[in-house]
Amino acid sequence: MGAVIELDNVSTIYEGERIPSLHNITLSIDEGEFVAVIGPNGAGKTTLLETINGLLPATSGTVRVFGKNVKTHGLEIRKKIGYVIQNFEIDSLTPFLSKDVVMMGRTGRIGLLRFPNQRDWERVFSNMQLLGIEGFKDRAVGKLSGGEFQKVLIARALTQEPDVLLLDEPFANLDVSSRKRVSDLLTTLNIERSLTMVFVSHDINAIPEACTRTIVLDQGRIVCQGELETVLSSSIVQQLWQRGKKHD
Ligand SMILES: Nc1ncnc2c1ncn2[C@@H]1O[C@H](COP(=O)(O)OP(=O)(O)O)[C@@H](O)[C@H]1O
Ligand SMILES: [Mg+2]
C-alpha cells in the first residue's frame, strides 16, 4: 500500500508570527492507516491538519496527498478529504437544518448544476442513522447541543465519501456513550473500507484502540511516534504528561 499523505520537511508559520507552528515535519501515512496525533494545547495539531489539506499553505517543504502537491492541486485534493473541524462555534440563529448541513458534504460530488437526488438523500439519512442523529434531521443546527452538532459534522464528512478523513478533537463535546459509538464507527470504517484516518486529540485516553500509530507533537515538532503502548511508556511522553499536570 502506498503513501497517501506525505510531508517532506514541512514548516508552517502563521502570518505575522516569527516562530513556526510546525517545525520541519517529515511524515508519511499509508493508505488504510489510522493515525492518532496527540499533544498538549498549542502543540500544532490543528495546524498539521490544515497543512495536510492545504487550507494553510506550508511556508517551506512539500505536502503531497494522493501523490499530488497540495499547493497546486488543493481543490481537487480537498474533494477527497473529509475534515471534521475542532469546536466549531455555531450561532443559535443559524437556520440550516441538520439534514441540509449533512448534505453539504455532497457538494463536491453533486456540483453546482444539479440538485440532490434521492440517492444523495439516502446517503445523508443513512449516515445520520449511523451516528444516531436521524431524529434531529429537521431541526435547525443552531438548536442542537454541542455533542449533537459534533455528530452532524462527522455525518457531513462521511457523506462526502472521502478517501481520507481528518478529525480534529472529534470527542471533545461527546459524552461517554457517544464517544464509544463514534469510536466504534471510525474503527469499522477503517477496517471495512480501509479509510485512511488522522485523528487529533489532546486527551491520551480518547484514542480509539484501533489506531495503528500514535504521533506525539510538542511545540510544532514530532517528539515520538509508534504503537500507542510504546509511546505512552516513553520517557518523553511521561515528561510531557507531568508538565501538563502541573498546569492543570
Ligand atoms: N491564526 C493563527 N495565527 C497565529 N498563530 C496561531 C494561529 N492559529 C494557531 N496559532 C498558534 O500556533 C500554535 C499551534 O496551534 P494549534 O495548531 O491550534 O495547536 P493545537 O491544535 O495543538 O492546540 C499555537 O502556538 C497557536 O497559538
Ligand atoms: Mg487544535
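Predicted model: local features only at pLDDT ≥ 70, side-chain atom pairs only at ≥ 80, totals over all residues.
**Entry 1: the domains**

I began with the division of the chain, and I found domain 1 given as 1-80 + 162-248 and domain 2 as 89-161. I then looked up how far apart the two lie, and the C-alpha centres of domain 1 and domain 2 turned out to be separated by 24 Å. To their contact, domain 1 brings 15 residues and domain 2 brings 14 residues.

**Entry 2: the area between them**

For domain 1 and domain 2 I noted about 1,300 Å² buried between them, with 63% of it on carbon and sulfur atoms. On the domain 1 side, I recorded Pro162, Arg181 and Leu185 as the residues that lose the most area to domain 2, and together they make up 38% of what that side buries.

**Entry 3: polar links and the elements involved**

How many salt bridges does the rule find across the interface of domain 1 and domain 2? I found zero, while the count of residue pairs in polar contact between the two domains, with both residues at pLDDT 80 or more, came to six. Sorted by class, the side of domain 1 that touches domain 2 holds seven nonpolar, two polar and six charged residues.

**Entry 4: the sheet**

I moved on to an open sheet of four strands, whose order I read as S2-S1-S4-S5 with antiparallel pairing. Strand S2 (22-30) and strand S5 (68-69) are the edge strands, each pairing on one side only. I then followed strand S1 (residues 3-12) to its partners: five bridges join S1 to strand S4 (residues 60-65) in the antiparallel sense, and six bridges, also antiparallel, pair S1 with S2.

Which residues face each other across these strands? Toward S4, I noted that isoleucine 5 stands opposite valine 65 and that leucine 7 stands opposite valine 63. Toward S2, I noted serine 28 as the bridge partner of glutamate 6.

**Entry 5: proline 20**

Last, I looked up proline 20, which I placed in the loop between S1 and S2. Leaving aside residues up to four places away in sequence, I found that proline 20 touches Thr12 and Ile13. I also compared proline 20 with glutamine 219: the two are 199 residues apart in sequence, yet their C-alpha atoms are 9.0 Å apart in space.

How values were computed:
Residues numbered from 1 in each chain as written. Chains lettered and ligands numbered in written order. Heavy atoms only, no water. Domains from an automatic or database assignment. Contact = heavy atoms within 4.5 Å. Buried area = accessible area lost by both parts, 1.4 Å probe. Salt bridge = Lys/Arg side-chain N within 4 Å of Asp/Glu carboxyl O. Polar contact = N/O pair within 3.5 Å; in protein donor to acceptor, adjacent residues only side chain to side chain. Nonpolar A, V, L, I, M, F, W, Y, C, P; charged D, E, K, R; others polar. Pairing = 2+ DSSP bridges. Helix = DSSP H or I, 4+ residues; strand = E, 2+ residues; numbered from the N terminus.
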